Amino acid sequence: MESVVLLSRMQFAFTIMFHYIFPPLTIGLGIILAYLETRYYLTKKPIFTIACQFWTKIFVLNFAIGVASGIVMEFQFGTNWASYSRFVGDVFGSALAAEGIFAFFLESGFLAVVAFGREKVRAGFYLFSVYMVALGSIFSSVWIVVANSWQQTPAGHHIVDIVRPGILPDGSSGMIPWVVDGTVQRRAEILNFLEMVFNPSTAQRLSHVLLGCVAVGAFFVLSVTAYYILKDKHRDFARASLNGALIMGLLSSLGLAINGHTQAQNVYRYQPAKLAAFEGHFETGRADLNIIGWPNAKEERIDFGLGIPGGLSFMVFDDFTFSKKVVGLDRFKPEDRPPLIIPYLSWRLMVGLGGLMIVMCALGLFFNVRKTFTQKRWLLWTFVFGIGFVMVANQTGWIAAEVGRQPWTVHPPVEWDESGSDLNLAADGFYQYDESLGLRTKNSVSVAVSPAEAKSSLILFTILYLALAAVWIMVLDRKIRLGPEPFRQSEDEVKDGYIKATVDRQHARLSDGDSGGGAA
(Lines give C-alpha, C1' and ligand atoms only; values in the text may rest on other atoms or scores of the structure.)
Protein backbone atom coordinates (compact mmCIF):
# COMPACT_ATOMS: atom_id res chain seq x y z
CA MET A 1 0.00 0.00 0.00
CA GLU A 2 2.88 2.38 0.74
CA SER A 3 4.11 2.08 -2.85
CA VAL A 4 0.60 2.81 -4.16
CA VAL A 5 0.45 5.92 -1.96
CA LEU A 6 3.84 7.13 -3.20
CA LEU A 7 3.10 6.42 -6.88
CA SER A 8 -0.34 8.03 -6.66
CA ARG A 9 1.15 11.10 -5.00
CA MET A 10 3.85 11.32 -7.68
CA GLN A 11 1.25 11.07 -10.43
CA PHE A 12 -1.00 13.71 -8.93
CA ALA A 13 1.96 15.99 -8.22
CA PHE A 14 3.23 15.71 -11.79
CA THR A 15 -0.15 16.26 -13.44
CA ILE A 16 -1.22 19.11 -11.17
CA MET A 17 2.13 20.90 -11.52
CA PHE A 18 1.89 20.68 -15.29
CA HIS A 19 -1.72 21.86 -15.24
CA TYR A 20 -0.87 24.76 -12.93
CA ILE A 21 1.33 26.31 -15.59
CA PHE A 22 -1.82 27.43 -17.42
CA PRO A 23 -4.43 28.80 -14.94
CA PRO A 24 -2.07 31.54 -13.67
CA LEU A 25 -1.24 32.45 -17.26
CA THR A 26 -4.89 32.71 -18.30
CA ILE A 27 -5.87 34.68 -15.18
CA GLY A 28 -2.91 37.06 -15.52
CA LEU A 29 -3.34 37.48 -19.27
CA GLY A 30 -7.09 37.98 -18.82
CA ILE A 31 -6.37 41.03 -16.66
CA ILE A 32 -3.83 42.25 -19.23
CA LEU A 33 -6.44 41.88 -21.99
CA ALA A 34 -8.96 43.88 -19.97
CA TYR A 35 -6.40 46.65 -19.46
CA LEU A 36 -5.39 46.82 -23.13
CA GLU A 37 -8.94 46.68 -24.49
CA THR A 38 -10.03 49.40 -22.04
CA ARG A 39 -7.17 51.60 -23.25
CA TYR A 40 -8.25 51.03 -26.85
CA TYR A 41 -11.92 51.74 -26.06
CA LEU A 42 -11.01 55.04 -24.37
CA THR A 43 -8.26 56.27 -26.73
CA LYS A 44 -9.05 54.49 -30.04
CA LYS A 45 -5.31 54.08 -30.57
CA PRO A 46 -4.82 51.04 -32.87
CA ILE A 47 -1.68 49.92 -31.06
CA PHE A 48 -3.73 48.82 -28.05
CA THR A 49 -6.08 46.65 -30.07
CA ILE A 50 -3.09 45.18 -31.95
CA ALA A 51 -1.61 44.25 -28.57
CA CYS A 52 -4.93 42.88 -27.32
CA GLN A 53 -5.35 40.70 -30.42
CA PHE A 54 -1.84 39.26 -30.03
CA TRP A 55 -2.26 38.39 -26.35
CA THR A 56 -5.71 36.97 -27.08
CA LYS A 57 -4.11 34.34 -29.31
CA ILE A 58 -1.72 33.39 -26.50
CA PHE A 59 -4.64 33.35 -24.04
CA VAL A 60 -6.68 30.97 -26.21
CA LEU A 61 -3.72 28.59 -26.57
CA ASN A 62 -3.15 28.47 -22.81
CA PHE A 63 -6.87 28.10 -22.14
CA ALA A 64 -7.09 25.08 -24.46
CA ILE A 65 -4.09 23.30 -22.93
CA GLY A 66 -5.29 24.17 -19.43
CA VAL A 67 -8.71 22.63 -20.03
CA ALA A 68 -7.22 19.48 -21.56
CA SER A 69 -4.80 18.97 -18.68
CA GLY A 70 -7.29 19.96 -15.98
CA ILE A 71 -9.92 17.35 -16.82
CA VAL A 72 -7.51 14.65 -15.68
CA MET A 73 -7.47 16.05 -12.14
CA GLU A 74 -11.05 15.14 -11.35
CA PHE A 75 -10.76 11.66 -12.87
CA GLN A 76 -7.77 10.94 -10.62
CA PHE A 77 -9.91 11.49 -7.56
CA GLY A 78 -11.95 8.46 -8.55
CA THR A 79 -9.19 6.23 -9.91
CA ASN A 80 -6.32 6.70 -7.42
CA TRP A 81 -8.00 8.47 -4.50
CA ALA A 82 -11.37 6.75 -4.02
CA SER A 83 -11.23 6.80 -0.19
CA TYR A 84 -10.40 10.50 -0.28
CA SER A 85 -13.25 11.13 -2.74
CA ARG A 86 -15.75 9.45 -0.42
CA PHE A 87 -14.57 11.55 2.51
CA VAL A 88 -14.61 14.95 0.76
CA GLY A 89 -17.20 14.29 -1.96
CA ASP A 90 -19.98 16.36 -0.39
CA VAL A 91 -17.67 19.35 0.03
CA PHE A 92 -15.75 19.11 -3.23
CA GLY A 93 -18.83 18.26 -5.25
CA SER A 94 -20.48 21.58 -4.43
CA ALA A 95 -17.31 23.61 -4.96
CA LEU A 96 -16.43 21.98 -8.28
CA ALA A 97 -20.02 22.27 -9.49
CA ALA A 98 -19.96 25.98 -8.67
CA GLU A 99 -16.67 26.28 -10.56
CA GLY A 100 -18.24 24.73 -13.65
CA ILE A 101 -21.47 26.74 -13.52
CA PHE A 102 -20.20 30.17 -12.48
CA ALA A 103 -16.70 30.17 -13.95
CA PHE A 104 -16.03 27.77 -16.79
CA PHE A 105 -19.23 28.47 -18.75
CA LEU A 106 -18.86 32.22 -18.23
CA GLU A 107 -15.26 32.20 -19.43
CA SER A 108 -15.67 29.79 -22.35
CA GLY A 109 -18.92 31.40 -23.57
CA PHE A 110 -17.53 34.91 -23.88
CA LEU A 111 -14.14 33.62 -25.06
CA ALA A 112 -15.75 32.82 -28.42
CA VAL A 113 -16.70 36.49 -28.78
CA VAL A 114 -13.23 37.66 -27.77
CA ALA A 115 -11.44 35.24 -30.10
CA PHE A 116 -13.67 35.52 -33.17
CA GLY A 117 -16.14 38.34 -32.75
CA ARG A 118 -14.27 41.65 -32.82
CA GLU A 119 -15.65 42.53 -36.28
CA LYS A 120 -19.11 41.15 -35.49
CA VAL A 121 -20.10 43.01 -32.33
CA ARG A 122 -20.05 46.58 -31.10
CA ALA A 123 -16.89 47.83 -29.38
CA GLY A 124 -18.71 48.19 -26.05
CA PHE A 125 -19.98 44.61 -26.09
CA TYR A 126 -16.54 43.35 -27.09
CA LEU A 127 -15.03 45.17 -24.10
CA PHE A 128 -17.72 43.64 -21.88
CA SER A 129 -16.85 40.19 -23.26
CA VAL A 130 -13.18 40.70 -22.41
CA TYR A 131 -14.17 41.62 -18.85
CA MET A 132 -16.32 38.50 -18.59
CA VAL A 133 -13.47 36.27 -19.78
CA ALA A 134 -11.14 37.80 -17.20
CA LEU A 135 -13.81 37.50 -14.49
CA GLY A 136 -14.58 33.90 -15.43
CA SER A 137 -10.94 32.88 -15.12
CA ILE A 138 -10.79 34.51 -11.68
CA PHE A 139 -14.02 32.80 -10.57
CA SER A 140 -12.53 29.47 -11.56
CA SER A 141 -9.61 29.98 -9.19
CA VAL A 142 -11.98 31.03 -6.40
CA TRP A 143 -13.78 27.69 -6.18
CA ILE A 144 -10.64 25.59 -6.58
CA VAL A 145 -8.91 27.53 -3.80
CA VAL A 146 -12.02 27.22 -1.61
CA ALA A 147 -11.91 23.43 -1.96
CA ASN A 148 -8.18 23.26 -1.29
CA SER A 149 -8.39 25.66 1.66
CA TRP A 150 -11.07 23.49 3.22
CA GLN A 151 -8.55 20.62 3.22
CA GLN A 152 -6.13 22.84 5.16
CA THR A 153 -8.62 24.39 7.59
CA PRO A 154 -11.94 22.48 7.45
CA ALA A 155 -15.08 24.32 8.59
CA GLY A 156 -18.86 24.35 8.11
CA HIS A 157 -19.29 20.54 8.21
CA HIS A 158 -19.57 17.51 10.42
CA ILE A 159 -18.29 13.95 10.03
CA VAL A 160 -20.85 11.16 9.61
CA ASP A 161 -20.69 7.41 8.99
CA ILE A 162 -21.39 6.23 5.47
CA VAL A 163 -24.33 3.83 5.62
CA ARG A 164 -25.59 1.22 3.19
CA PRO A 165 -28.55 -1.13 3.07
CA GLY A 166 -27.90 -4.27 5.13
CA ILE A 167 -29.07 -6.58 7.88
CA LEU A 168 -29.48 -5.10 11.35
CA PRO A 169 -28.53 -7.05 14.52
CA ASP A 170 -32.17 -8.05 15.04
CA GLY A 171 -32.28 -9.65 11.59
CA SER A 172 -34.37 -6.95 9.92
CA SER A 173 -33.33 -4.90 6.91
CA GLY A 174 -32.04 -1.36 7.39
CA MET A 175 -29.13 1.02 6.94
CA ILE A 176 -25.85 -0.09 8.50
CA PRO A 177 -22.37 1.50 8.57
CA TRP A 178 -20.13 0.66 5.64
CA VAL A 179 -17.07 -1.19 6.93
CA VAL A 180 -13.91 -1.80 4.83
CA ASP A 181 -11.11 -3.91 6.34
CA GLY A 182 -12.61 -3.43 9.79
CA THR A 183 -12.77 0.38 9.46
CA VAL A 184 -16.05 2.29 9.34
CA GLN A 185 -16.05 4.59 6.30
CA ARG A 186 -16.84 8.22 7.09
CA ARG A 187 -17.41 11.38 5.13
CA ALA A 188 -17.64 15.13 5.64
CA GLU A 189 -21.15 16.52 5.23
CA ILE A 190 -21.76 20.25 4.77
CA LEU A 191 -23.78 21.97 7.48
CA ASN A 192 -23.14 25.58 6.54
CA PHE A 193 -22.14 26.34 2.96
CA LEU A 194 -20.91 29.86 3.72
CA GLU A 195 -18.72 28.64 6.59
CA MET A 196 -17.27 26.03 4.28
CA VAL A 197 -16.54 28.64 1.60
CA PHE A 198 -15.14 31.22 4.02
CA ASN A 199 -13.11 28.76 6.09
CA PRO A 200 -10.27 30.25 8.15
CA SER A 201 -7.65 30.17 5.35
CA THR A 202 -9.70 30.97 2.23
CA ALA A 203 -9.18 34.74 2.20
CA GLN A 204 -5.40 34.65 2.69
CA ARG A 205 -4.85 31.77 0.29
CA LEU A 206 -7.12 33.13 -2.45
CA SER A 207 -5.54 36.58 -2.37
CA HIS A 208 -2.08 35.00 -2.50
CA VAL A 209 -3.03 32.82 -5.47
CA LEU A 210 -4.58 35.71 -7.42
CA LEU A 211 -1.60 37.96 -6.77
CA GLY A 212 0.63 35.14 -8.01
CA CYS A 213 -1.48 34.86 -11.16
CA VAL A 214 -1.20 38.60 -11.83
CA ALA A 215 2.57 38.31 -11.40
CA VAL A 216 2.71 35.41 -13.89
CA GLY A 217 0.72 37.36 -16.48
CA ALA A 218 2.83 40.48 -16.01
CA PHE A 219 6.15 38.66 -16.23
CA PHE A 220 5.02 36.68 -19.27
CA VAL A 221 4.22 39.91 -21.09
CA LEU A 222 7.51 41.42 -19.91
CA SER A 223 9.40 38.36 -21.15
CA VAL A 224 7.99 38.60 -24.68
CA THR A 225 8.24 42.39 -24.93
CA ALA A 226 11.84 42.34 -23.66
CA TYR A 227 12.64 39.76 -26.34
CA TYR A 228 11.13 41.98 -29.04
CA ILE A 229 13.09 45.01 -27.83
CA LEU A 230 16.35 43.05 -27.81
CA LYS A 231 15.66 41.83 -31.36
CA ASP A 232 14.54 45.33 -32.42
CA LYS A 233 11.12 44.05 -33.51
CA HIS A 234 7.59 45.37 -32.91
CA ARG A 235 8.85 48.19 -30.70
CA ASP A 236 5.57 50.14 -30.65
CA PHE A 237 3.71 47.00 -29.62
CA ALA A 238 6.32 46.26 -26.96
CA ARG A 239 6.06 49.73 -25.47
CA ALA A 240 2.24 49.53 -25.38
CA SER A 241 2.42 46.29 -23.37
CA LEU A 242 5.50 47.15 -21.31
CA ASN A 243 4.34 50.02 -19.09
CA GLY A 244 1.26 48.35 -17.67
CA ALA A 245 3.06 45.03 -17.20
CA LEU A 246 5.86 46.65 -15.18
CA ILE A 247 3.36 48.33 -12.86
CA MET A 248 1.33 45.12 -12.48
CA GLY A 249 4.50 43.12 -11.84
CA LEU A 250 5.72 45.44 -9.09
CA LEU A 251 2.34 45.81 -7.36
CA SER A 252 1.64 42.07 -7.43
CA SER A 253 5.13 41.20 -6.16
CA LEU A 254 4.86 43.67 -3.29
CA GLY A 255 1.35 42.39 -2.57
CA LEU A 256 2.65 38.82 -2.43
CA ALA A 257 5.26 39.80 0.16
CA ILE A 258 2.72 41.55 2.38
CA ASN A 259 0.09 38.85 1.96
CA GLY A 260 2.69 36.14 2.55
CA HIS A 261 3.40 37.59 5.98
CA THR A 262 -0.24 37.40 7.08
CA GLN A 263 -0.59 33.95 5.53
CA ALA A 264 2.38 32.67 7.54
CA GLN A 265 0.62 33.85 10.70
CA ASN A 266 -2.54 32.04 9.59
CA VAL A 267 -0.58 28.85 8.92
CA TYR A 268 0.89 28.98 12.43
CA ARG A 269 -2.56 29.40 13.97
CA TYR A 270 -4.11 26.40 12.22
CA GLN A 271 -1.15 24.24 11.07
CA PRO A 272 1.78 24.91 13.41
CA ALA A 273 3.64 21.76 12.35
CA LYS A 274 3.70 23.02 8.75
CA LEU A 275 5.27 26.36 9.68
CA ALA A 276 7.78 24.59 11.91
CA ALA A 277 8.78 22.45 8.91
CA PHE A 278 9.06 25.56 6.71
CA GLU A 279 11.61 27.04 9.09
CA GLY A 280 13.25 23.88 10.44
CA HIS A 281 12.11 24.94 13.92
CA PHE A 282 12.62 21.88 16.10
CA GLU A 283 12.48 23.08 19.70
CA THR A 284 9.57 25.10 21.09
CA GLY A 285 10.74 28.51 22.25
CA ARG A 286 12.17 31.66 20.73
CA ALA A 287 12.52 30.96 17.01
CA ASP A 288 15.12 32.21 14.56
CA LEU A 289 14.34 33.01 10.94
CA ASN A 290 16.78 30.91 8.93
CA ILE A 291 18.02 32.56 5.74
CA ILE A 292 20.22 29.68 4.67
CA GLY A 293 21.05 26.28 6.15
CA TRP A 294 20.37 22.60 5.81
CA PRO A 295 17.82 20.90 8.09
CA ASN A 296 19.20 17.86 9.91
CA ALA A 297 16.13 15.85 10.88
CA LYS A 298 18.12 13.12 12.64
CA GLU A 299 19.95 15.51 14.97
CA GLU A 300 17.04 18.01 14.96
CA ARG A 301 19.13 21.05 14.09
CA ILE A 302 19.99 23.34 11.18
CA ASP A 303 23.48 22.72 9.78
CA PHE A 304 25.45 25.59 8.23
CA GLY A 305 22.68 27.92 9.38
CA LEU A 306 22.62 31.68 9.02
CA GLY A 307 19.54 33.45 10.26
CA ILE A 308 17.94 36.35 12.11
CA PRO A 309 17.79 35.64 15.87
CA GLY A 310 14.16 35.68 16.96
CA GLY A 311 13.07 36.50 13.41
CA LEU A 312 10.39 33.81 13.29
CA SER A 313 9.00 35.05 16.62
CA PHE A 314 8.67 38.47 15.06
CA MET A 315 7.07 37.13 11.86
CA VAL A 316 4.47 35.03 13.68
CA PHE A 317 3.48 37.51 16.39
CA ASP A 318 4.72 40.90 15.06
CA ASP A 319 6.82 40.77 18.22
CA PHE A 320 9.41 43.54 18.29
CA THR A 321 11.09 41.91 21.29
CA PHE A 322 12.00 38.99 19.01
CA SER A 323 11.51 36.64 21.95
CA LYS A 324 8.01 35.08 21.98
CA LYS A 325 7.67 31.31 22.10
CA VAL A 326 6.90 29.52 18.83
CA VAL A 327 5.67 25.92 18.80
CA GLY A 328 8.24 23.61 17.25
CA LEU A 329 8.28 20.11 15.79
CA ASP A 330 9.06 18.69 19.23
CA ARG A 331 5.35 19.08 20.08
CA PHE A 332 4.38 16.47 17.46
CA LYS A 333 4.97 12.74 17.25
CA PRO A 334 7.38 11.72 14.45
CA GLU A 335 4.54 10.14 12.47
CA ASP A 336 2.54 13.40 12.71
CA ARG A 337 5.32 15.63 11.40
CA PRO A 338 5.52 16.82 7.79
CA PRO A 339 8.50 15.86 5.63
CA LEU A 340 11.27 18.35 6.27
CA ILE A 341 13.59 18.85 3.30
CA ILE A 342 11.02 19.61 0.57
CA PRO A 343 8.93 22.21 2.46
CA TYR A 344 12.05 23.84 3.92
CA LEU A 345 13.79 24.28 0.57
CA SER A 346 10.71 25.11 -1.52
CA TRP A 347 9.63 27.76 1.00
CA ARG A 348 13.02 29.48 0.73
CA LEU A 349 13.11 29.27 -3.03
CA MET A 350 9.65 30.85 -3.26
CA VAL A 351 10.55 33.71 -0.91
CA GLY A 352 13.92 34.32 -2.57
CA LEU A 353 12.44 34.46 -6.06
CA GLY A 354 9.67 36.73 -4.80
CA GLY A 355 12.29 39.19 -3.57
CA LEU A 356 14.08 39.00 -6.93
CA MET A 357 10.80 39.79 -8.72
CA ILE A 358 10.38 42.96 -6.65
CA VAL A 359 13.92 44.10 -7.44
CA MET A 360 13.53 43.41 -11.17
CA CYS A 361 10.25 45.34 -11.49
CA ALA A 362 11.52 48.24 -9.35
CA LEU A 363 14.61 48.55 -11.56
CA GLY A 364 12.51 48.25 -14.69
CA LEU A 365 10.17 51.05 -13.61
CA PHE A 366 13.09 53.24 -12.51
CA PHE A 367 14.85 52.96 -15.87
CA ASN A 368 11.55 53.20 -17.76
CA VAL A 369 10.78 56.54 -16.09
CA ARG A 370 14.27 57.73 -17.06
CA LYS A 371 13.63 56.56 -20.66
CA THR A 372 16.69 54.28 -20.53
CA PHE A 373 15.04 50.89 -19.98
CA THR A 374 15.45 49.77 -23.59
CA GLN A 375 19.20 50.48 -23.35
CA LYS A 376 19.74 48.11 -20.39
CA ARG A 377 20.31 44.89 -22.28
CA TRP A 378 21.34 43.00 -19.15
CA LEU A 379 18.02 43.87 -17.52
CA LEU A 380 16.07 43.04 -20.67
CA TRP A 381 17.68 39.59 -20.81
CA THR A 382 16.81 39.14 -17.12
CA PHE A 383 13.17 39.83 -17.97
CA VAL A 384 13.27 37.41 -20.89
CA PHE A 385 14.03 34.62 -18.43
CA GLY A 386 12.06 36.23 -15.59
CA ILE A 387 8.90 34.30 -16.47
CA GLY A 388 10.80 31.19 -15.38
CA PHE A 389 11.48 32.77 -11.97
CA VAL A 390 7.83 33.55 -11.29
CA MET A 391 6.68 30.14 -12.58
CA VAL A 392 9.10 28.38 -10.24
CA ALA A 393 8.02 30.63 -7.36
CA ASN A 394 4.37 29.71 -8.02
CA GLN A 395 5.12 26.00 -8.16
CA THR A 396 7.37 25.93 -5.09
CA GLY A 397 4.76 27.83 -3.08
CA TRP A 398 2.22 25.10 -3.78
CA ILE A 399 4.81 22.39 -3.11
CA ALA A 400 5.53 23.89 0.30
CA ALA A 401 1.82 24.19 1.11
CA GLU A 402 0.85 20.67 0.04
CA VAL A 403 3.87 18.71 1.25
CA GLY A 404 3.78 20.72 4.47
CA ARG A 405 0.20 19.50 5.06
CA GLN A 406 1.38 15.89 5.21
CA PRO A 407 0.72 13.34 6.62
CA TRP A 408 -2.86 14.56 6.07
CA THR A 409 -5.01 15.12 3.01
CA VAL A 410 -7.65 16.72 5.25
CA HIS A 411 -5.92 18.40 8.18
CA PRO A 412 -7.71 17.96 11.53
CA PRO A 413 -8.10 21.06 13.71
CA VAL A 414 -5.61 21.91 16.45
CA GLU A 415 -6.51 23.11 19.94
CA TRP A 416 -4.50 25.71 21.83
CA ASP A 417 -4.33 26.18 25.59
CA GLU A 418 -6.08 29.05 27.35
CA SER A 419 -3.09 31.35 26.99
CA GLY A 420 -2.90 30.68 23.25
CA SER A 421 0.87 30.29 23.49
CA ASP A 422 1.05 26.50 23.32
CA LEU A 423 -0.96 23.48 22.21
CA ASN A 424 -3.07 21.30 24.49
CA LEU A 425 -0.60 18.47 24.98
CA ALA A 426 -1.32 14.88 25.99
CA ALA A 427 0.33 13.15 28.94
CA ASP A 428 3.23 12.01 26.76
CA GLY A 429 4.12 15.63 25.93
CA PHE A 430 2.94 15.46 22.31
CA TYR A 431 -0.11 16.96 20.66
CA GLN A 432 -2.77 14.33 19.99
CA TYR A 433 -4.77 14.94 16.81
CA ASP A 434 -8.40 13.84 16.70
CA GLU A 435 -8.07 11.58 13.68
CA SER A 436 -11.84 11.23 13.33
CA LEU A 437 -11.91 14.86 12.17
CA GLY A 438 -9.29 14.48 9.44
CA LEU A 439 -7.96 12.02 6.89
CA ARG A 440 -4.42 10.69 6.60
CA THR A 441 -2.84 10.47 3.17
CA LYS A 442 -2.09 6.77 3.59
CA ASN A 443 -5.81 6.14 4.13
CA SER A 444 -6.90 8.22 1.12
CA VAL A 445 -5.89 6.03 -1.81
CA SER A 446 -8.00 3.50 -3.71
CA VAL A 447 -7.59 0.07 -2.08
CA ALA A 448 -8.35 -1.66 -5.40
CA VAL A 449 -5.39 -0.07 -7.21
CA SER A 450 -2.24 -2.20 -7.35
CA PRO A 451 1.34 -0.86 -7.48
CA ALA A 452 1.69 -2.09 -11.08
CA GLU A 453 -1.46 -0.21 -12.12
CA ALA A 454 -0.33 2.96 -10.35
CA LYS A 455 3.08 2.74 -12.01
CA SER A 456 1.57 2.17 -15.46
CA SER A 457 -0.74 5.18 -15.20
CA LEU A 458 2.15 7.35 -13.97
CA ILE A 459 4.26 6.38 -17.00
CA LEU A 460 1.40 6.92 -19.44
CA PHE A 461 0.50 10.31 -18.01
CA THR A 462 4.15 11.35 -18.10
CA ILE A 463 4.44 10.48 -21.79
CA LEU A 464 1.11 12.13 -22.63
CA TYR A 465 1.87 15.34 -20.76
CA LEU A 466 5.38 15.62 -22.18
CA ALA A 467 3.88 15.35 -25.67
CA LEU A 468 1.29 17.99 -24.75
CA ALA A 469 4.06 20.23 -23.42
CA ALA A 470 6.00 19.84 -26.69
CA VAL A 471 2.95 20.89 -28.70
CA TRP A 472 2.34 23.89 -26.43
CA ILE A 473 5.95 25.08 -26.65
CA MET A 474 6.03 24.63 -30.44
CA VAL A 475 2.81 26.57 -31.05
CA LEU A 476 3.68 29.24 -28.48
CA ASP A 477 7.14 29.73 -30.01
CA ARG A 478 5.63 30.11 -33.48
CA LYS A 479 3.08 32.70 -32.33
CA ILE A 480 5.73 34.73 -30.53
CA ARG A 481 8.12 34.62 -33.49
CA LEU A 482 5.36 35.76 -35.86
CA GLY A 483 4.50 38.60 -33.52
CA PRO A 484 1.47 40.90 -33.66
CA GLU A 485 -0.44 41.39 -36.88
CA PRO A 486 -1.62 44.75 -38.26
CA PHE A 487 -5.21 45.51 -37.42
CA ARG A 488 -7.47 46.62 -40.24
CA GLN A 489 -11.05 47.52 -39.48
CA SER A 490 -13.33 50.30 -40.66
CA GLU A 491 -15.48 52.36 -38.35
CA ASP A 492 -18.62 51.04 -40.06
CA GLU A 493 -17.64 47.46 -39.25
CA VAL A 494 -17.04 48.40 -35.64
CA LYS A 495 -20.39 50.10 -35.36
CA ASP A 496 -22.63 47.72 -37.28
CA GLY A 497 -20.54 44.59 -37.52
CA TYR A 498 -23.20 42.32 -36.03
CA ILE A 499 -25.76 43.58 -38.61
CA LYS A 500 -23.32 43.00 -41.46
CA ALA A 501 -22.59 39.49 -40.19
CA THR A 502 -26.33 38.69 -40.11
CA VAL A 503 -26.84 40.02 -43.64
CA ASP A 504 -23.85 38.04 -44.92
CA ARG A 505 -25.23 34.83 -43.46
CA GLN A 506 -28.63 35.48 -45.02
CA HIS A 507 -27.06 36.15 -48.42
CA ALA A 508 -25.09 32.92 -48.12
CA ARG A 509 -28.27 30.94 -47.41
CA LEU A 510 -30.06 32.50 -50.40
CA SER A 511 -27.08 31.80 -52.65
CA ASP A 512 -27.00 28.17 -51.54
CA GLY A 513 -30.74 27.89 -52.23
CA ASP A 514 -30.44 29.36 -55.72
CA SER A 515 -27.56 27.10 -56.70
CA GLY A 516 -29.46 24.10 -55.33
CA GLY A 517 -32.53 24.98 -57.42
CA GLY A 518 -30.43 25.46 -60.55
CA ALA A 519 -28.84 22.07 -60.12
CA ALA A 520 -32.26 20.47 -59.76
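**Aromatic pairs.** I began with the rings and found 35 aromatic pairs in the structure. I picked Trp 381 and Phe 385 to look at: their ring centres are 6.3 Å apart and their planes meet at 25°, so I noted this pair as stacked. I kept in mind that the model is a predicted one.

**Where that pair sits.** Trp 381 and Phe 385 both belong to helix H12, residues 377-404, and being 4 residues apart there puts about one helical turn between them. Are they buried or exposed? Trp 381 is partly exposed at 34% relative accessibility, while Phe 385 has 54% and is exposed.

**A cluster.** I also found one aromatic cluster, formed by Phe 14, Phe 18, Phe 22, Phe 461, Tyr 465 and Trp 472.

**Around Pro 407.** I followed the chain into the loop between H12 and strand E11 (408-410), where Pro 407 has its place. The peptide bond from Gln 406 to Pro 407 is cis, with omega near 10°. At Trp 408, I saw the charged end of Arg 440 over the ring, 4.3 Å from its centre.

**Lys 44.** Which ring does Lys 44 lie over? I found Lys 44 over the face of Tyr 40, 5.6 Å from the ring centre. Lys 44 belongs to the loop between helix H2 (22-43) and helix H3 (46-79). Its phi is near 60°, a positive value in a residue other than glycine. With 47% relative accessibility, Lys 44 is partly exposed.

**Phe 304.** My last stop was strand E9 (residues 301-308), which holds Phe 304. Here phi is near 55°, again positive without the residue being glycine. Phe 304 is exposed, at 73% relative accessibility.

Technical notes. Residues numbered from 1 in each chain as written. Predicted model: local features only at pLDDT ≥ 70, side-chain atom pairs only at ≥ 80, totals over all residues. Heavy atoms only, no water. Phe/Tyr/Trp six-rings, centres within 6.5 Å; stacked < 30°, edge-to-face > 60°. Helix = DSSP H or I, 4+ residues; strand = E, 2+ residues; numbered from the N terminus. Buried < 20%, exposed > 50% of the residue type's maximum accessible area, 1.4 Å probe, protein only. Lys NZ or Arg CZ within 6 Å of the ring centre and 35° of its normal.
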